[in-house]
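Thank you all for coming; I would like to walk you through one structure this morning, going from the overall picture to a few side chains. Please have a look at the sequence and the model first.

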Amino acid sequence: MAETGAKHPGRNEPCHCGSGKKYKHCCLVKDEEAERVSLEQQASAAQPTAPPEDEPPQRTPPPPRIQGQPWKRSARSAPGPRRITTPRKAG
């Protein structure tokens with residue numbers, strides 16, 4: 001079973017700030033935002049600032065090939081199956 005850290009109480013436990021509210025209604029959003037910002041700062045510090053010059057520039061993918069197949073109807077121009085409507089039977 002994983003240990004819960006002393007930093008964050010459970011969602012339904014009383015908040016650690018002493019407001020008397022549940023943690024999820026009081027400080028959960030602030031704590032998650034602070035944790036996200038600190039993780040982003042750590043990630044940006046770990047990334048190199050300039051790419052090495054030995055790598056060639058990335059190539060863009062070629063455009064999709066257009067296949068001319070006149071015997072096939074396109075999906076837009078095909079009217080689809082005909083719907084046969086008959087009057088309702090009265091009586």
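Predicted model: local features only at pLDDT ≥ 70, side-chain atom pairs only at ≥ 80, totals over all residues.

**Overall picture**

Of the 91 residues in this protein, 7% count as buried, where buried means under 20% relative accessible area, exposed means over 50%, and partly exposed lies in between, with a 1.4 Å probe and protein chains only. Residues are numbered from 1 along each chain as its sequence is written, and side-chain values use heavy atoms, with hydrogens and water left out.

The protein has two helices and zero strands; these are DSSP runs numbered from the N terminus, with H or I and at least four residues for helices, and E and at least two for strands. Its accessible surface comes to about 9700 Å², of which 54% belongs to carbon and sulfur atoms, the areas coming from the Shrake-Rupley method with a 1.4 Å probe and, for residues, with only the protein chains shown counting as cover. If we take contacts between residues at least 6 apart in sequence, 3% of them join residues at least 24 apart, a contact being heavy atoms within 4.5 Å.

In one of them Arg36 pairs with Glu33, the closest N and O atoms being 2.4 Å apart, and both residues lie in helix H2 (residues 28-46), three residues apart, or about one turn of the helix. Arg36 also meets Glu40 at 2.6 Å, N to O, and here the two residues of helix H2 are four apart, again about one turn. Arg36 counts as partly exposed because its relative accessibility is 37%, and Glu33 is partly exposed at 37%, as is Glu40 at 46%.

Asp31 is found in helix H2 too, but it counts as buried because its relative accessible area is 18%. Its side chain makes a polar contact with the side chain of His16 at 3.1 Å; such a contact is a pair of N or O atoms within 3.5 Å, where, within protein, one must be able to donate a hydrogen and the other to accept it, and residues adjacent in sequence count only if both atoms are side-chain atoms.

**The cysteines**

The structure holds zero disulfides, a disulfide being a pair of cysteine sulfur atoms within 2.5 Å. Cys15 is in none, and the nearest cysteine sulfur, that of Cys27, is 3.4 Å away; Cys15 itself is buried, at 7% relative accessible area.

Definitions and conventions
Salt bridge = Lys/Arg side-chain N within 4 Å of Asp/Glu carboxyl O.
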